[in-house]
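Here is a short briefing to read alongside the model. Take a look at the fold first, then follow the notes below topic by topic.

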Amino acid sequence: MQPPKTETTIIQALRSKGYKATPQRIAICKTALASREHPSPQKIYTEIKKTNPTVSLATVYSTLGILKEGGLIQELNFPQGQTRYDPNLEPHINLVCTNCGKIFDLDDPTARELVKRVAAKAEFTPTAQRVDVYGVCKHCNHKT
């Protein structure tokens, strides 16, 4: 797991791409980069709106695009047009609950080793990875 991005790192990343480091953008970046919940743009917007009431959904989308372009976050597109964001760029497995929609990271050395081994065997340099496993989480399993 990568270390969390500091406000200074976020400001530098925004400015290096030619963007202003506004309080709204910094708040969006901090929320997206700190979340382990794989938030949707709407969830980030709802969270940021509590402390930045003038923020727009368009600002959330554009800031997430900046983070994606800068290689700080991964965009995850799911069925039914659902888009979520993951700041964990290390090789891992996403466990996706088909009942409640939650996504959990499975950080396992085996996953990292598998990516390295497969890439080396194919003489391939990975720039990103994504492995999703669909099923029902333990919380939803206990409801039945």
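## Briefing on the predicted model

Cys 140 is buried, its relative accessible area being 2%. This residue belongs to helix 6, which covers residues 138-143. The model is a predicted one, with an average pLDDT of 89 for the protein.

**Overall picture**

- The protein contains 6 helices and 5 strands. Followed along the sequence, these elements give the pattern α-α-α-α-β-β-β-β-α-β-α.
- Along the principal axes, the C-alpha atoms fill a box of roughly 45 × 45 × 25 Å.
- Of the 144 residues in the protein, 34% count as buried.
- Among contacts with a separation of 6 or more, 51% join residues 24 or more positions apart.

**Confidence**

- A pLDDT of at least 70 is reached by 96% of the residues.
- Which elements have the lowest and the highest mean pLDDT? Helix 1 (residues 7-16) has the lowest, at 85, and helix 3 (residues 41-49) has the highest, at 96.

**Helix 1 against helix 2**

- Helix 1 packs on helix 2 (residues 23-34) at an angle of about 120°, and their axes are 10 Å apart.
- The crossing of helix 1 past helix 2 is right-handed.
- From helix 1, Glu 7, Ile 10, Ile 11 and Leu 14 take part, and they meet Arg 25, Ile 26, Cys 29, Lys 30 and Leu 33 in helix 2. Sorted by class, the residues of this contact are 6 nonpolar, no polar and 3 charged.

**Helix 2 against helix 4**

- Helix 2 also packs with helix 4, here at about 60° and with the axes 10 Å apart.
- Helix 2 passes helix 4 in a crossing that is right-handed.
- On the helix 2 side, the contact is made by Gln 24, Arg 25, Ile 28, Cys 29, Ala 32 and Leu 33. On the helix 4 side, the partners are Thr 59, Val 60, Thr 63, Leu 64, Ile 66 and Leu 67. The class count for this contact is 8 nonpolar, 3 polar and 1 charged.

**Helix 3 against helix 4**

- How do helix 3 and helix 4 lie, and at what angle do they cross? Their axes come within 9 Å and cross at roughly 120°, with helix 4 covering residues 57-69. Helix 3 is therefore oblique to helix 4.
- This is a right-handed crossing of helix 3 past helix 4.
- Pro 41, Gln 42, Ile 44 and Tyr 45 of helix 3 meet Leu 57, Val 60, Tyr 61 and Leu 64 of helix 4. That contact has 7 nonpolar residues, 1 polar residue and no charged ones.

**Two residues and their partners**

- Back to Cys 140: apart from its neighbours within four places in sequence, this residue is in contact with Cys 97, Asn 99 and Cys 100.
- Cys 140 and Leu 89 are separated by 51 residues in sequence and by 27 Å in space, C-alpha to C-alpha.
- Val 131 has its place in strand 5, which spans residues 131-135. Is Val 131 buried, exposed or partly exposed? Val 131 counts as partly exposed because its relative accessibility is 37%.
- Setting aside neighbours within four places in sequence, Val 131 is in contact with His 92, Ile 93 and Asn 94.
- Val 131 and Ile 66 lie 65 residues apart in sequence, and 23 Å separates them in space, C-alpha to C-alpha.

**Positive phi in two loops**

- For background, most residues other than glycine have a negative phi.
- His 38 has a positive phi near 55° and is not a glycine. This residue is found in the loop between helix 2 and helix 3. Is His 38 buried or exposed? His 38 counts as buried, because its relative accessibility is 1%.
- Glu 123, also not a glycine, has a positive phi of about 50°. Its place is the loop between helix 5 (109-121) and strand 5. Glu 123 counts as exposed, because its relative accessibility is 76%.

Terms used. Residues are numbered from 1 along each chain as its sequence is written. This is a predicted model: local features need pLDDT of at least 70, side-chain atom pairs count only at pLDDT 80 or more; totals for chains, interfaces and linings use all residues. Side-chain values use heavy atoms; hydrogens and water are left out. pLDDT is the predictor's confidence in each residue, from 0 to 100. Helices (H or I, at least four residues) and strands (E, at least two) are DSSP runs, numbered from the N terminus. Axes are lines fitted to C-alpha atoms, for helices over the stretch in contact, and angles run from 0 to 180 degrees between N-to-C directions. Angles under 35 degrees count as roughly parallel, over 145 as roughly antiparallel, 65 to 115 as roughly perpendicular and the rest as oblique. A crossing is left-handed if the near helix is turned anticlockwise from the far one by less than a right angle, and right-handed if clockwise. Contact means heavy atoms within 4.5 Å. Ala, Val, Leu, Ile, Met, Phe, Trp, Tyr, Cys and Pro count as nonpolar, Asp, Glu, Lys and Arg as charged, and the others, Gly among them, as polar. Buried means under 20% relative accessible area, exposed over 50%, partly exposed in between (1.4 Å probe, protein chains only).
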